[in-house]
Amino acid sequence: MTDPATPYDPGSAQGPGSAQALLEAVDLHKSFGPTPALDGAGLRVRAGEVVAVMGPSGSGKSTLLHCLAGILTPDKGTVRYRDVELSAMGDGLRSELRRTDFGFVFQFGQLVPELSCLENVALPLRLGSVKRKEAESRAREWLERLEVADVADKRPGETSGGQGQRVAVARALVTGPRVVFADEPTGALDSLNGERVMQLLVNAAKETNAAVVLVTHEPRVAAYSDREVVVRDGKSREMEPVT
Amino acid sequence: MRWAADLVLGVRLAVGGGRTSWARLALTAAGVGLGVTVLLLAASIGPAREAKSERVQAASLNSTEADTTLKARYVSVSWQGRLITGVELAATTPDAPVPPGVGRIPGPGELVVSPELLDLMRTEDSVRARFPERVIGVIADAGLPRPKSLTFYAGLPEAHLDSAHAVTGFGSERPPSTLLPIYRLLMVAAISALLVPLGIFVLVATRLGATGREQRLAAIRLAGASRNQVRWIASGETLTGAVLGLFVGVALFFAARPLARFIEVEGVGFFPTDLLPDPLLGAMIALGVPVVAVVSALLALRTEDVGPLGLARTVELPRYRAWWRFALIGTGALLIVVISTVGSYWQVMSDARLAVSLGLGIALVLAGTGAVLPWLVGKVAHRLEPDGIAPLLALRTLRFDSGTPRVLSGVVVVLTGSLTLQVLLGVAAQFTAAPPSDTPGRWVLDLPQHTPVRSLEEAIALVGGVRQVSEVRYYYSGTTSIISADCAEIAERLEVDDCVTGSAYLIGPGPEPGTELTVNGQQWVVPQYRTLTGDMPQLVVAGGADPVLAAIPPTELVVRGSPDESFGDRLLAATGRADRGVTLRRQFGAGQVELFTSLRSGVIGGSVLLTLLAVIGLAAAAVDQVFERRRATAVLAANGVPEKVLAVSALWQSAIPTALGIGLAIPIGLGTAWLVAPTERFRVDWTEIATTVAAAAVVVLVVSLCTLPALRSAIRPASLRTE
């Protein structure tokens with residue numbers, strides 16, 4: 001274990017404890033006012049694996065994902081990414097982590113409507129000081145891999161729901177993240193589009209050895225995972241391995 | 001240079017994004033632009049007044065004791081209450097200077113006129129009839145105080161050569177005319193009352209589309225931008241709108257400037273070239289508007305934490321930060337009270353530093369009023385629990401949305417300032433009212449030297465409505481002012497009823513009866529007199545046939561006739577035929593009345609302009625609010641909330657802050673006026689106040705009604721689309 005105060009270098013090839021769990025949450029508690037959302041939940045994610053977090057509405061699965069990603073700080077418990085505690089990091093470092101090591105695919109609200117799809121995908125790279133030309137070139141490659149190169153110059157509002165989600169997946173993967181957090185990524189899509197988005201997301205993640213933390217309540221979507229964790233009343237429970 | 005890239009990304013967000021972001025940018029630019037235009041106009045008033053004053057001084061006759069080159073005299077003609085002033089002049093040396101804006105000195109029977117007078121002469125035969133001379137030219141702009149000046153230069157008739165003054169040329173360095181302290185007070189209050197809401201509207205304009213902006217910033221935070229980066233991005237976005245608004249404002253200002261030539265309100269007008277902002281103030285506007293816009297955006301981000309999941313607004317914040325809002329009002333009021341205690345308003349207005357401090361006090365009170373409103377609305381929205389769905393929706397929205405109250409703050413500050421100014425205008429009007437000694441129908445004609453009095457009296461006798469004409473003669477013996485007039489004039493002037501020919505009255509110290517004085521080169525014995533009290537020492541004699549006094553040429557003709565303004569015109573038209581040098585003395589304080597009128601016009605004009613700006617700002621912000629909340633509104637509509645309920649809710653959303661704003665504006669506006677104005681002159685015209693308040697309420701209601709079409713469009717199912 002590393003001292004939580006140890007400076008963490010996001011994006012470095014070798015991090016402390018890389019052979020073990022990439023991301024680990026232990027005994028997380030989180031309340032919003034008087035309402036408890038997490039009550040001792042925990043989760044371990046290894047490099048390259050796809051973990052589905054399942055549970056009914058209001059069970060705390062999205063809160064668990066937000067805590068794992070460092071977007072929310074738990075009231076109690078620890079989240080360690082490559083053996084460094086996230087709550088010990090400042091906003092700048094956590095922002096850098098989101099830009100370099102983490103990727104996000106949400107149900108909606110993740111794309112900037114003013115930017116074209118290409119610019120949206122290039123955004124994390126641009127924020128990280130990658131030159132515009134290079135950033136857009138890499139973004140275009142990802143749009144091609146996700147079969148949405150034709151919408152590169154369109155704005156999100158001008159694309160279909162499925163296309164928009166694929167653009168979001170491209171944006172999540174363009175920086176080569178170690179973990180992709182997906183919160184109901186197919187929730188707003190029809191089953192055909194949902195299947196395709198999941199195939200592309202999981203395949204692309206496997207190709208880059210990125211872990212995926214997938215929050216869903218749909219067993220059909222959870223079927224793409226290597227294992228499932230169920231969250232109920234703020235507590236998590238490991239399910240039998242998916243066959 | 002990471003910050004520069006983030007700033008550029010902000011600019012990209014502002015200009016990209018198709019119709020929606022362009023509309024938002026256009027709204028911001030229009031709002032800021034209008035504000036900048038008014039600011040530039042305000043910054044031009046000083047230089048414009050200076051330019052006008054320089055032209056007036058350059059055209060004034062210089063009669064120093066140096067070598068004289070001209071004979072000249074001021075003359076005037078009145079037409080339908082409009083005074084046409086001019087100079088009759090004749091060169092006495094070949095190298096005599098010409099007046100500014102004039103090609104050559106007109107000879108006898110020749111006339112050079114201002115463009116406005118030329119127009120009037122072409123369209124009105126009665127005006128043409130008063131100028132029998134041949135028009136040989138038009139006075140250029142350099143020779144006119146303002147574009148619509150009615151003025152002329154005429155050749156001096158030989159008959160009046162003796163009565164004209166010997167002058168050396170044109171241009172004098174007279175000290176600038178001083179304003180009555182109450183007018184200064186009015187101006188200081190007006191500047192504060194107009195500039196504070198203007199600042200608020202510029203700020204509001206830069207915050208248009210803030211909700212959408214926060215959502216965008218949240219998406220960018222999710223992509224990995226730090227708080228610091230987001231601040232730069234937001235700055236870039238705001239800066240784009242502010243800079244674009246600045247350009248729009250400058251363009252509007254220069255586009256509107258030529259119109260100045262055609263606009264004159266109550267005798268106040270400027271040439272387009274006069275309207276050039278003071279360089280320092282111009283630079284302050286150019287730098288200040290973008291800086292203030294960026295600082296306000298950054299301050300807003302300090303109280304609204306944009307996280308990767310969206311906006312985490314600290315809803316309880318106003319409860320803890322109410323103190324500074326009241327502190328603004330308190331500090332302002334304290335400043336006014338302290339300054340008022342230092343001396344009377346008269347002393348305060350004579351001291352520039354105290355006057356500026358008073359203006360600052362008023363500005364602080366007004367700014368505080370604007371700041372208190374959003375807090376008050378938040379408080380009330382938390383307390384009220386209405387039964388109706390529409391007010392409930394409105395109150396719940398107002399709890400978390402400071403957009404509408406923020407915009408209405410500007411309207412409330414305009415209203416508060418207007419109420420203060422209304423009372424101050426009333427006070428100034430009391431000071432301006434003509435004293436009771438000015439009897440209606442009493443017209444005083446000042447006569448130039450060597451004027452043909454007999455011809456004038458014959459001409460006056462032909463004017464319909466003349467009841468009586470009195471000759472008044474003045475002579476200063478070196479120790480005593482002697483006034484000789486008939487009993488009708490003396491009775492009116494001194495309010496005595498025992499006057500008969502030969503009666504005399506002494507006011508103040510004077511020679512004993514029987515004292516011999518030299519009057520007009522002859523010996524004159526002071527008659528027996530009755531002593532009266534008064535301010536001006538003088539010996540008034542009903543001269544009658546006294547040969548010594550009768551030999552003094554009359555300096556005034558007092559005509560009693562109709563009180564109508566047209567009577568004065570007819571008098572001057574009649575005397576002008578004999579001698580255009582005869583001038584109609586304006587009633588006591590008439591000059592102040594004119595000055596007050598032009599000041600009042602300025603204040604009212606500024607208020608109207610600002611109200612217009614308020615309406616535009618309010619409309620833009622209201623539409624922006626509807627647009628920003630379109631998804632929430634569409635969801636409500638989709639869930640079966642009737643359109644009527646949504647519309648009424650939108651009206652409630654404006655009505656609640658408006659009612660609270662009026663509740664603030666009335667006591668604070670009147671209270672400020674009470675602190676500022678001399679206590680004994682403080683009066684409130686409740687009808688006027690009620691009219692102003694009702695007008696403000698109606699404006700807000702009408703603007704809210706105007707947003708209903710936008711609301712109808714917002715509740716379409718298409719608004720439910722997310723990205």
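Residues are numbered from 1 along each chain as its sequence is written, and chains are lettered from A, with ligands numbered from 1, in the order in which they are written. Since the model is predicted, local features need pLDDT of at least 70 and side-chain atom pairs count only at pLDDT 80 or more, whereas totals for chains, interfaces and linings use all residues.

Chain A averages a pLDDT of 83, and 89% of its residues score at least 70. The pLDDT is below 50 over residues 1-8 of chain A, a stretch that has 12 contacts in the model beyond near neighbours in sequence. It is also below 50 over residues 10-19 of chain A, where the corresponding number of contacts is 14. Here two residues are in contact if their C-beta atoms, placed from the backbone, lie within 7 Å.

Chain A contains 7 helices and 10 strands. These elements are DSSP runs numbered from the N terminus: helices are H or I with at least four residues, and strands are E with at least two. Of the 243 residues in chain A, 52% are buried. A residue is buried if 20 or more other C-beta atoms, placed from the backbone, lie within 10 Å of its own, exposed if 12 or fewer do, and partly exposed in between. Among contacts in chain A with a separation of 6 or more, 70% join residues 24 or more positions apart.

Helix α4 of chain A, residues 132-145, shows how a helix may be examined in detail. The expected span is 1.5 Å times one less than the number of residues. Which residues of α4(A) are buried? They are Ala135(A), Ala139(A), Trp142(A) and Leu143(A). Seen down the axis of α4(A), these buried residues fall within an arc of 100 degrees, so they line one face of the helix; the arc is that of the directions from the helix axis to the C-beta atoms. The buried residues of α4(A) pack against α3 (117-127) and α5 (161-173) of chain A. On the face turned away from the buried side are the exposed residues Lys133(A) and Glu134(A). Just after α4(A), Glu147(A) takes a positive phi of about 60 degrees.

Chain A also has an open sheet of 4 strands in the order β2-β1-β4-β5, with antiparallel pairing. Two strands pair if DSSP finds at least two bridges between them. The edge strands are β2 (35-45) and β5 of chain A, each of which pairs on one side only. Strands β4(A) and β5(A) run antiparallel and are joined by 2 bridges, with Tyr81(A) opposite Val84(A) in β5(A). In the loop between β4 (76-81) and β5 (84-85) of chain A lies Asp83(A). Asp83(A) counts as partly exposed because it has 19 C-beta neighbours inside 10 Å. Asp83(A) and Glu24(A) are 59 residues apart along the chain, yet their C-alpha atoms are separated by 8.1 Å.

Chain B has 23 helices and 20 strands, and 44% of its 723 residues count as buried. In chain B, residues 24 or more positions apart account for 84% of the contacts with a separation of 6 or more. Strand β12 (residues 468-476) of chain B runs antiparallel to β19 (residues 556-560) of chain B, with 5 bridges between them; Glu471(B) stands opposite Leu557(B) in β19(B). Strand β12(B) is also joined by 4 bridges to the antiparallel strand β13 (residues 481-484) of chain B, where Ile483(B) stands opposite Tyr474(B). Together β12(B) and β13(B) form a hairpin with 4 residues between them, and Gly478(B) in the turn has a positive phi of about 105 degrees.

The final topic is the meeting of the two chains. There, 23 residues of chain B are in contact with 27 residues of chain A. On the side of chain B that touches chain A, two or more residues come from each of α1 (2-15), α2 (18-59), α6 (210-222) and α7 (227-256) of chain B. Helix α6(B) gives the most, with 4 residues.

Notes
pLDDT is the predictor's confidence in each residue, from 0 to 100.
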